[in-house]
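Trainee: Could we go through how helices pack against each other in this model, pair by pair?

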Amino acid sequence: MSLSDILTHLGEAREAYFGAVAPPVVQSSNFAFSDLASWRAAFADELTHHVYTRGNNPTVEILRQKLAALEGTEDCLVFASGAGAIAAAVLGNVQAGDHVVCQQHPYSWTSALLRKFLPRFGVEHTFVDGTNIENIRAALRPNTRVLYLESPNTMTYECQDLAACAELARSRGIVTIADNSYCSPIYQNPAAFGIDIVVHSGTKYLNGHSDVVVGVLCASRAMTRRIFESELMTLGGILGPHDAALVLRGLRTLPLRVERSDASARFLLERLEHHPKVERLWYPFHATFPQRELARRQMRGCGGLFSVQFRTPTMERMEAFVHRLRRFLMAVSWGGYESLVIPMVGFYGIPGRPEPHLPWSFCRFYIGLEDPQWLWEDLEQAMEVL
Ligand SMILES: *Cc1c(COP(=O)(O)O)cnc(C)c1O
């Protein structure tokens, strides 16, 4: 099925709702039955029938079908946040006494799930530098049940060899989970390399308008059903139908947006790479990136995220640079219209928070959909103070 088929037609039964071109928002908590036979059929399988919106909802179902097709998996579940989808994927595959291996710098709340939450339930973890599969192999124990990957991760873009990790894990009966938020399904499909569960913060590219927080879990029909019946139905962290409709709206332009961000990021990188105030660049397809060959093998593009370490003598000048940026918004997250910057210097000196593993001269940029020349002018004038 082509991308256009998925985005325009898949899951959209327009004849059932007046031929409406945009998917309907079925804002109903529950669904009525006209006879006991249909009641019994629905309660026999709440994942595929409409009983109650904590389980399934027609608007949410359209979204699930499109996301599963985009990632090339049999089914998909959506959650109230990326963190909710990640927690469901991990919790659905561990029990007390089990062990999880995770690449060393995952998303901060994924790390918190493993470090702070799961130990309360007797689940141990090991973080490893996943850029070398031998580190992963060495960390596996007889009780390892989950190998958690994030390739690339979203500050320094460390990659893991997805096919090799999937093969290693499968040979030991270990479930693989990969966070694919960085690439989006447009530029990478971990399931095609044998990864069992693909998770996303759909808050980023998939919704793409900085107005919904949403999580995505794509997997086989059996895995999806198991997680539906336990983590989704019992913990109940569902996406509401109105938010699902907003994400469907966002998906229509997903390829256009991701390609535009990708092209504009490359436009800026070409100008940054020879600038005297730039110490180092992080971007998976850049000539200086240590894992460029692996990135090119498993990804079709990079999108709008890259990081820069600036060459500047003092923290004060770094702070002046941040304050001089006018067109980039200082904000976390990414994937919307607006270009953003996360200045690492902003994480220095926060009471009760450990110092970051990255230097204060480091910034992560997200390049949105604005005119890239307009963004370059802003960066160029701000770099004058470094
Ligand atoms: C934002 C993010 C998450 C968490 O998603 P939320 O939607 O914010 O809960 C998980 N993984 C990555 C890589 C992210 O960037």
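**Two helix pairs**

Mentor: In this predicted model, helix α3 and helix α10 cross in the left-handed sense.

Trainee: At what angle do α3 and α10 pack, and how is their arrangement classed?

Mentor: Helix α3 covers residues 58–71 and helix α10 covers residues 241–251, and their axes lie 8 Å apart at an angle of about 40°. Angles under 35 degrees would count as roughly parallel, and those from 65 to 115 as roughly perpendicular.

Trainee: Which classes of residue make up the contact of α3 with α10?

Mentor: From α3 the contact takes T59, V60, I62, L63, K66, L67 and L70, which meet P241, A244, A245, V247, L248 and L251 of α10. Sorted by class, these residues comprise 11 nonpolar, one polar and one charged.

Trainee: How are α4 and α9 oriented, and what is the handedness of their crossing?

Mentor: The axes of helix α4, residues 82–91, and helix α9, residues 221–235, come within 10 Å and cross at roughly 130°. Because only angles over 145 count as roughly antiparallel, and 65 to 115 as roughly perpendicular, this angle makes α4 oblique to α9. The crossing of α4 past α9 is right-handed.

Trainee: Which residues form the contact of α4 with α9, and how many of them are charged?

Mentor: On α4 the contact involves A88, A89 and L91, while α9 contributes I227, E231 and L235. The class count gives five nonpolar residues and no polar ones, and the number of charged residues is one.

Conventions:
Residues are numbered from 1 along each chain as its sequence is written. This is a predicted model: local features need pLDDT of at least 70, side-chain atom pairs count only at pLDDT 80 or more; totals for chains, interfaces and linings use all residues. Side-chain values use heavy atoms; hydrogens and water are left out. Axes are lines fitted to C-alpha atoms, for helices over the stretch in contact, and angles run from 0 to 180 degrees between N-to-C directions. Helices (H or I, at least four residues) and strands (E, at least two) are DSSP runs, numbered from the N terminus. A crossing is left-handed if the near helix is turned anticlockwise from the far one by less than a right angle, and right-handed if clockwise. Contact means heavy atoms within 4.5 Å. Ala, Val, Leu, Ile, Met, Phe, Trp, Tyr, Cys and Pro count as nonpolar, Asp, Glu, Lys and Arg as charged, and the others, Gly among them, as polar.
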